[in-house]
Amino acid sequence: MGCCNSAVIPASVDKVWSAIRDFHDLSWSANVVQKVDVVGDAGGLEVGAKRILNDAFSETLLGLDDEGRKIRYSIDDGPGAVSPDNVSGYIGQVEVFPITENDTSLVLWTSGWSVGGEGTKEFCDPIYQGLLGDLKAHFS
C-alpha cells in the first residue's frame with residue numbers, strides 16, 4: 001500500500017530539481033508548508049538531515065541523488081494516520097523527470113510503509129497533491 005501523485009511542472013528539469021533538492025528549503029510551498037524547523041547539524045543536502053514541518057511531521061532525509069534527481073525520506077512521527085501508533089516504515093520519494101516537449105518536468109511523489117497504515121493513503125494524498133500544486137504555482 002502507498003501513495004502515488006504526480007504533476008507536470010512548467011519548468012525545466014534542472015530548475016525544478018534546483019528548487020526542491022534542499023531538504024530544509026520548502027519555500028516553494030506557499031500553501032502547505034508554513035514552517036520548517038531544522039533539527040540537528042546536518043545540512044539540507046546531507047543524508048541524515050532532519051526537519052519538522054508545521055510543528056507536526058518529523059522527517060529524515062535518507063537519500064539525495066542529484067544524477068537521478070531523486071529524494072528519499074522517512075516520516076518518523078506525525079499526527080494521526082502517520083503516527084508511529086498507526087504506521088511504521090513510512091518512506092517517501094520525490095523524483096523529477098524531464099519532459100522534452102516544451103522543456104517541462106514530471107514530478108512523481110510516491111510513498112509506502114511496511115506495517116499498518118489505516119487511513120494513511122487518504123490522509124497523505126491530499127497533502128502531496130497540495131505540495132505538487134504549490135510547486136506548479138511556483139513556476140507558473
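Okay, so before anything else: when I say two strands pair, I mean that DSSP finds at least two bridges between them. And the elements themselves are DSSP runs, numbered from the N terminus, with helices being H or I of at least four residues and strands being E of at least two.

With that in hand, what is the bridge partner of I9 in strand 8? It's S105. Keep that residue in mind, we'll meet it again.

Quick housekeeping. What you're looking at is a predicted model, so local features need pLDDT of at least 70 and side-chain atom pairs count only at pLDDT 80 or more, while totals for chains, interfaces and linings use all residues. Residues are numbered from 1 along each chain as its sequence is written, and side-chain values use heavy atoms, with hydrogens and water left out.

Seven strands make an open sheet, in the order 1-8-7-5-4-3-2, and the pairing is antiparallel. At the edges you have strand 1 and strand 2, residues 36–39, each pairing on one side only. From one strand to the next the twist averages 25°; for angles like this, axes are lines fitted to C-alpha atoms, for helices over the stretch in contact, and the angle between N-to-C directions runs from 0 to 180 degrees.

Let's zoom in on strand 8, residues 104–112. On one side there's strand 1, residues 2–9, joined to strand 8 by eight bridges, antiparallel. S6 has L108 as its bridge partner there. Then there's strand 7, residues 91–99, which pairs with strand 8 over nine bridges, also in the antiparallel sense. Here S105 comes back, standing opposite P98. The hairpin of strand 7 and strand 8 has four residues between the strands, and N102 in it takes a positive phi near 65°.

While we're on backbone angles: most residues other than glycine have a negative phi. Phi is near 50° for N54 and near 60° for D55. How accessible are they? N54 is partly exposed, at 26% relative accessible area, and D55 is exposed at 56%. My cut-offs, with a 1.4 Å probe and protein chains only: buried is under 20%, exposed is over 50%, and partly exposed is in between.

A contact, by the way, is heavy atoms within 4.5 Å. Helix 2, residues 120–139, lies across strand 1, strand 4, strand 5 and strand 8, and runs at about 15° to strand 1.

On to rings. I pair Phe, Tyr and Trp rings (the six-membered one for Trp) if their centres lie within 6.5 Å; planes under 30 degrees apart are stacked, over 60 edge-to-face, and the rest tilted. That gives four aromatic pairs. One of them is F23 with Y73, a tilted pair at 6.5 Å centre to centre and 45° between the planes. Since F23 is in the loop between helix 1 and strand 2 while Y73 is in strand 5, the pair ties together parts 50 residues apart in sequence. F23 is buried at 3% relative accessibility, and Y73 is buried at 2%.

What lies over the face of F23? That's R51, at 3.6 Å from the ring centre. R51 also lies over the face of Y73, at 6.0 Å from the ring centre. The rule is NZ of Lys or CZ of Arg within 6 Å of the ring centre and within 35 degrees of the ring normal.

Another pair is F57 with F123: centres 6.2 Å apart and planes at 35°, so it's tilted. This one links F57 in strand 4 to F123 in helix 2, 66 residues apart. F57 counts as buried at 15%, whereas F123 is partly exposed at 29%.
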